Amino acid sequence: MNNGLHKILVTGASRGIGHEIALDLKKQGHIVLGTATSDTGKDSLLNEGMVGFKLDLNSSDSIEAFLKDLNDNHSDISILINNAGVTLLDSVLSTDIEDWYKVLATNLSAPFMIAKNLAPKMIEQRSGKIVNISSLASEYALENHIAYSVSKSGLNMMTKAMTAEWTRYNIQVNSVCPTVVMTSMGELAWGDPEKSAPMLAKIPLGRFGQPTEIADLVLFLSSNASDFICGQSIF
Ligand code: NDP
């Protein structure tokens, strides 16, 4: 921590919500480490002035190598944004167990492993912030979202469990739970007007969100302005 500027890790920074978060944090002067699943994504992060990594959260080998790299070269990360995630649009009966494991591994187990790896340094420094990008689907049950919803529910409980253990070390852990945002994931789930119309009808604002509106909250939860907020899942 230096003049309010930090070294921040954003997973899934190559596109969508994570890209907006990473760019906004960079604009504020922070050093941003971003991850992508491809070399092209990693290169585009480097071209945008970030430290780019290739990472597949669904691969324990990839996570292990990534965490080793962080421990060797970036042990001073003080803010973690667990943003990367996948969705799976299948009913309870048609969800294949391999797909179930993939969603749970990517959306829940990987954020757990990364947070667990970075926390000891934050504990030592008596300062840190973790923001988990969850979803409205963590609380609101939707058809054909079983694995996704369960993974995001787990993320909210992880937020609380980490809060119970780490708040005493001045580490704030919170979740952000967006409604639909029209990224490629939003498009996949809600691009069809037949699906989006009933969903829009349930949203009081009558519209979907913009990535920048999610990034604004993440910026707040990454700043000292939110030092007295912990264990929350903000919808
Ligand atoms: P996008 O599909 O646009 O982007 C997903 C990001 O996650 C990409 O950067 C992608 O990397 C990365 N990613 C996907 N799979 C893996 C993997 N196996 N390992 C590492 N990284 C991976 O999604 P959004 O921007 O919409 O979603 C961002 C977060 O917001 C997710 O956690 C999502 O669940 C959550 N969210 C999204 C909502 C929406 O309506 N869009 C609503 C509520 C929550 P790459 O570019 O290399 O593929």
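A polar side-chain atom of Ser184 lies 3.1 Å from an oxygen atom of the ligand, a polar contact being a pair of N or O atoms within 3.5 Å. The structure is a predicted model, in which local features need pLDDT of at least 70, side-chain atom pairs count only at pLDDT 80 or more, and totals for chains, interfaces and linings use all residues. Residues are numbered from 1 along each chain as its sequence is written, and side-chain values use heavy atoms, with hydrogens and water left out.

A backbone N or O atom of Gly12 is 3.1 Å from a ligand oxygen atom, and one of Leu57 is 2.7 Å from a ligand nitrogen atom. Of the 890 Å² of accessible area that the ligand has on its own, the protein covers 91% (Shrake-Rupley method, 1.4 Å probe). The ligand is surrounded by 29 residues, the closest being Arg15, Thr37, Asn83, Tyr148 and Thr183 (a heavy atom within 4 Å).

The protein contains 8 helices and 7 strands, taken as DSSP runs (H or I, at least four residues; E, at least two) and numbered from the N terminus. The 7 strands form an open sheet with parallel pairing, in the order β3-β2-β1-β4-β5-β6-β7; pairing requires at least two DSSP bridges between two strands. Strand β2 (residues 31-36) pairs with β3 in the parallel sense over 4 bridges, and Thr35 stands opposite Phe53 in β3.

Helix α3 (residues 60-73) lies across β1 (7-10), β2 and β3, at about 150° to β3. Angles run from 0 to 180 degrees between N-to-C directions of axes fitted to C-alpha atoms, for helices over the stretch in contact (heavy atoms within 4.5 Å). Helix α4 (residues 97-125) packs on the sheet and touches β1, β4 (79-82), β5 (128-133) and β6 (171-176), its direction making about 170° with that of β4.

Technical notes
Polar contact = N/O pair within 3.5 Å; in protein donor to acceptor, adjacent residues only side chain to side chain.
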